[in-house]
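Subject: Structure for your review

Dear colleague,

Please find the structure below, followed by an account of what was found in it. I would be grateful if you could read the notes with the model open beside them.

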Amino acid sequence: MIKEISIFVENQKGKLSTISKILGDNNISIKGFSVDDTGEGYGIFRIVPDYWEKAEELLKKDFTISVNNIIAVKVEDKAGSLYKVLKILSDNKINLEYTYLLANSIIALKVDNEINGIKVLKNNNIELIENNLMI
Amino acid sequence: MAWDDKIEFMSEKEIKELQTERLIKTVEKAYKSLFYKKKFDEVGLKPSDIKDLSDLKKIPFTTKDDLRAAYPFGMLTVDKNDIVRIHSSSGTTGKATVIAFTKKDIDTWADYVARCLYMIGMRKGDVFQNMMSYGLFTGGLGFHYGAEKLGATVIPIGGGNTAKQIRMILDFKTSFLHITPSYALHVSEEIIKDGIDPKALGLKGLIVGAEPHSEATRKKLEEIYNCPVFNSYGLSEMNGPGVGFECEYRDDPHIWEDGYIIEIVNPETGENMPDGEEGELVITSINREGMPILRYRTKDLTHIKKEKCKCGRNHKKIGRVVGRADDMLIVKGINVFPSQIEDILMSIQEVGNNYQIVVDRKEDYIDTIKIRVEISKKFFHGKLSELKNIKEKIQHSIREEIMINPEIELLEPQALPPSEGKAKRVVDLRKI
């Protein structure tokens, strides 16, 4: 399972750069990220680091964070490949909460039911990434 | 010619005699309540010990906390069945204070308000638009009954809905408005936007109250509306409005001493202070039946004016209230205690330890209240919907309590400086 770290951020200058600097200084590579902005003064910065446990350790003291499971799948770099993945999920009534791009043509998927999500994607021969270091 | 020539133009001596007589009766009556019996017995005071005004200081003070403790009916001096109306003033959650009125009290109160309104020139035939909120707040109904008693035509529109307010002023040729000063400024801008000069409305007077404002603001309003603006003084513990009012000279309110005995005390020691010195206003109601209150600590900081008024009334005047001896805020004319907000925040588990209350006044003169809260780390699970729910929960609970819709700002833990005492948790950016 892939681990994603969500960080609560107020929309204040320098927050994202501070976080990325901490991780960079500690040789942790961010394999992908997204920013959910509410437009109301706060938002969530999500990152998928290679060494997530170390990243969690570094961030938890000064930030409000939460570590969650997500699914990561490799998609081919061609037309229709994203649709293929999303259709499998919707055909199986699995809700997608959000998605974003990771490195190396891999996409992160946050679904309401991870176990079923993984199962149906595997059954349909989608290539799943096992852990953060394999991204 | 006044509403009540005899009372309004009494000599100082006559006022003192009437006060003495009414104080003695009030004390006897008050002793019938559970609350005052206990209070008197505790210090070994008997109603018969109060023989004249100089004995007043023997009576222990009554505080807002006393009123809360006596909630709901511990202070009644009459049978509960004789109470015809209840008003309640803002208090900390579940600890509101109750003010009870008999039929006679309602009538007396209306008479005081009518006296005030007559003094500023309101007559039968005038149209009075009451733009204060009705309900438990005494400002709405208090003025309503007073203006009706006087014989004016009352428009009980209440607060808000500016477009409708303006239409009513125009359609009914309103002559007097009862309004908060900040809302009066806001309404004037809207009137101008409609292409109307507020001066052309033909208003005879504005009654402003419920909210502190400067002399500069009064002058500004008088200029904008081209009519006199009168300050009103009142508090629900003493009926509500009608405790004091400015006369035609508009130089601070006369307190109606036939109904209220006023004292100024040192807010720290409780010792009486001479006229002219700034301290906390203490009021004893001597013309109430159902629930008289003796030596009530108003927390309003002011002074009793020494000079006589040119209008000829000997009822003493108090200076403009310069502040509060507690941390009560007045937002949009509504009394808000920071502890009300704190109680709510602390009952919401997702809220962290620190918070800040920011009160501001926008360019359109509308007050805003923003609550900045730190969220608790353990309730963050990385979902935006969750944050939105927390925010709505806080907003809803606070609105229910203080009747004002606050803006909520969610912050990270430790975003706010750790609080050292309540004062730092409130930031008031308004320029009055």
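Helices (H or I, at least four residues) and strands (E, at least two) are DSSP runs, numbered from the N terminus. The model is a predicted one, in which local features need pLDDT of at least 70 and side-chain atom pairs count only at pLDDT 80 or more, while totals for chains, interfaces and linings use all residues. Residues are numbered from 1 along each chain as its sequence is written, and chains are lettered from A and ligands numbered from 1 in the order in which they are written.

Helix H3 of chain B

Just after H3(B), Gly44(B) has a positive phi of about 70°. The helix itself spans residues 34-42, and Phe35(B), Tyr36(B), Lys39(B) and Phe40(B) are buried in it. A residue is called buried if 20 or more other C-beta atoms, placed from the backbone, lie within 10 Å of its own, exposed if 12 or fewer, and partly exposed in between. An α-helix has 3.6 residues a turn, so residues three or four places apart point the same way. Lys38(B), Asp41(B) and Glu42(B) are exposed on the other side of H3(B). The buried residues pack against helix H2 (12-30) of chain B.

Domains of chain B

An automatic or database domain assignment supplies the domain bounds. For chain B these are domain 1 (5-107 + 232-326), domain 2 (121-227) and domain 3 (334-428). Taken over C-alpha atoms, the centres of domain 1 and domain 3 of chain B are 35 Å apart.

Contact between the chains

Twelve residues of chain A are in contact with 13 residues of chain B, where contact means that the C-beta atoms of two residues, placed from the backbone, lie within 7 Å. On the chain B side, helix H11 (384-402) and strand S18 (407-411) are the elements that give two or more residues. S18(B) provides the largest share, three residues.

Surroundings of Tyr233(B)

Tyr233(B) belongs to strand S7 of chain B and is buried, with 25 C-beta neighbours inside 10 Å. Beyond its neighbours within four places in sequence, Tyr233(B) is in contact with Val243(B), Gly244(B), Pro253(B) and Ile318(B). Arg320(B) is 87 residues away from Tyr233(B) along the chain, yet 9.5 Å separate their C-alpha atoms.

Backbone features in the loops of chain B

The peptide bond between Tyr71(B) and Pro72(B) is cis, with omega about -5°. Pro72(B) sits in the loop between helix H4 (64-69) and strand S1 (83-89) of chain B.

Asn161(B) is not a glycine but has a positive phi of about 55°. Asn161(B) is located in the loop between strand S4 (153-155) and helix H7 (162-172) of chain B, and it counts as exposed because it has 12 C-beta neighbours inside 10 Å.

Asn226(B), also not a glycine, has a positive phi of about 55°. Its loop runs between helix H9 (215-225) and strand S7 (229-235) of chain B. With 14 other C-beta atoms within 10 Å, Asn226(B) is partly exposed.

Yours sincerely
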